[in-house]
Structures are given as structure tokens and as C-alpha cells.
Amino acid sequence: GIAVFRENKLIGWLNEQESKGLNYIKGNVQRTFIVFDMNDGEIGIELSESKSDIEPQFQDDKLSIKVKITGEADVAEVNTKLNLMSSNVFTELEKKTNNEIKDVVLKVISSAQKEFRSDIFGFGEIVHQKNSKEWAKLKESWGESFPDVPVDVHVDIKIQRTGTISDPFQNELIKE
């Protein structure tokens, strides 16, 4: 886990999943595995590169934060009867991968805003860097307003390739 501070005081710890979510947001994920259930089995996706873009947006003097996580992944392991020769399977795998990452990210955002009430992501600093005029208005009340700032998360991970593709071994067992 990762320690959470507010005003230089330790207020809690992030669990493993929340720590992953924080690292996705901060763009610190170099390589990781994502495993999920699909088609009565498990799929392992290896995220080989990712980056994060955080964009403060103002509309009618109201701040919202847009987090966009992009990257590339490969199918690392298939323990299911899934036919990887089908192109729509890759679309479904990308969708599931993106949803898995988004869920982890949304959970840590919720924890930071509701439980810890601490900007562990550095959103305030990014607002300051990208729009210092608006930050001047928010600076004094950031600790109180951060928990209510809407955060929109968009994940776009593209699956590039797999290892050697052939019929899953389960299909061979079924034929016999």
C-alpha cells in the first residue's frame, strides 16, 4: 500500500488495488498484468506501456478533471475456449481491459475524495500549472472543494498482439 497524507499528517493507507489506480492516474505503470474472467475461464492481459493525461476543465467557473489513460497491451495468457482468431474477440478483450482499469481508477478517486479527502493525485498542482488564473481562485479552499470536483475517466488501451495463436487446447479436448 501507499501512505496517504493530508496537511503533512499520515491519515491512512491505500490498498493494493487503490495503489494501482493511483499509479495509472499518475502515469507510473510501466508493465503490469490484468486478469479477468471471460467465457468460463480467465484471460491474462499484459499492459506493456501506458500513459496518463490529466486535463483540468472549466465551465461556468466550475472545475472538472478529465483523466485519459492510453496504452498498449498483449494477450499474455488464455485459459478459456475463446477463439482468438476472431477479430470481434479482440474488441471484447479491449473493452473488458479498459473497464477493469477504469474500475480500479474510479475506486481510488472515490477513496481519495470521500474517505481521505486528500488530493493524492496532484490535481491541484496540475490546475496551477495549466491555469494559474483559475487556481488563484481555488487555492485557498482546495482542501474543502477537492472532494466535490467531478473526475471523468476515459481508458483506451489497445491490444496489439498475442503469442502464437492456434485453437485453444480446450477445443481439442472437446473434439475427442
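This is a predicted model: local features need pLDDT of at least 70, side-chain atom pairs count only at pLDDT 80 or more; totals for chains, interfaces and linings use all residues.
Which side chain makes a polar contact with the side chain of E46? The partner is R31, at 3.4 Å.

## Overall architecture

The protein contains six helices and six strands. Read from the N terminus, their order is β-β-α-β-β-β-α-α-α-α-β-α. For 176 residues the globule rule gives 16 Å, whereas the radius of gyration of the protein is 20 Å, well over that value, so the protein is more spread out than a compact globule. Along the principal axes, the C-alpha atoms fill a box of roughly 70 × 30 × 25 Å.

Of the contacts with a separation of 6 or more, 66% are between residues 24 or more positions apart.

## Burial, surface and charge

Buried residues account for 40% of the 176 residues.

## Helix α1

Helix α1 covers residues 16-26. Its buried residues are E18, S19, G21, L22, Y24 and I25. In an α-helix, residues three or four places apart point the same way, because there are 3.6 residues a turn.

Both ends of α1 have a local feature to record. At the start, a side-chain oxygen of N15 comes to within 3.1 Å of the backbone nitrogen of Q17. Just after the helix, G27 adopts a positive phi of about 75°.

## The loop between β3 and β4

Strand β3 spans residues 32-37, and N39 sits in the loop that separates β3 from β4. D40 is found in this loop between β3 and β4 as well. N39 is not a glycine, yet its phi is positive, at about 55°. D40, also not a glycine, has a positive phi of about 60°.

Are these residues buried or exposed? N39 is partly exposed, with a relative accessible area of 43%. D40 counts as exposed, at 84% relative accessibility.

## E46 in strand β4

Strand β4 runs over residues 42-59 and includes E46. With a relative accessible area of 19%, E46 falls under the 20% cut-off and therefore counts as buried.

Leaving out residues up to four places away in sequence, E46 touches R31, T32, F33, E72, A73, D74 and A76. Among these neighbours, R31 is the residue whose side chain makes the 3.4 Å polar contact with the side chain of E46.

Note on methods:
Residues are numbered from 1 along each chain as its sequence is written. Side-chain values use heavy atoms; hydrogens and water are left out. Helices (H or I, at least four residues) and strands (E, at least two) are DSSP runs, numbered from the N terminus. The radius of gyration is taken over C-alpha atoms; the globule rule is 2.2 Å times the number of residues to the power 0.38. Buried means under 20% relative accessible area, exposed over 50%, partly exposed in between (1.4 Å probe, protein chains only). Contact means heavy atoms within 4.5 Å. A polar contact is a pair of N or O atoms within 3.5 Å; within protein, one must be able to donate a hydrogen and the other to accept it, and residues adjacent in sequence count only if both atoms are side-chain atoms.
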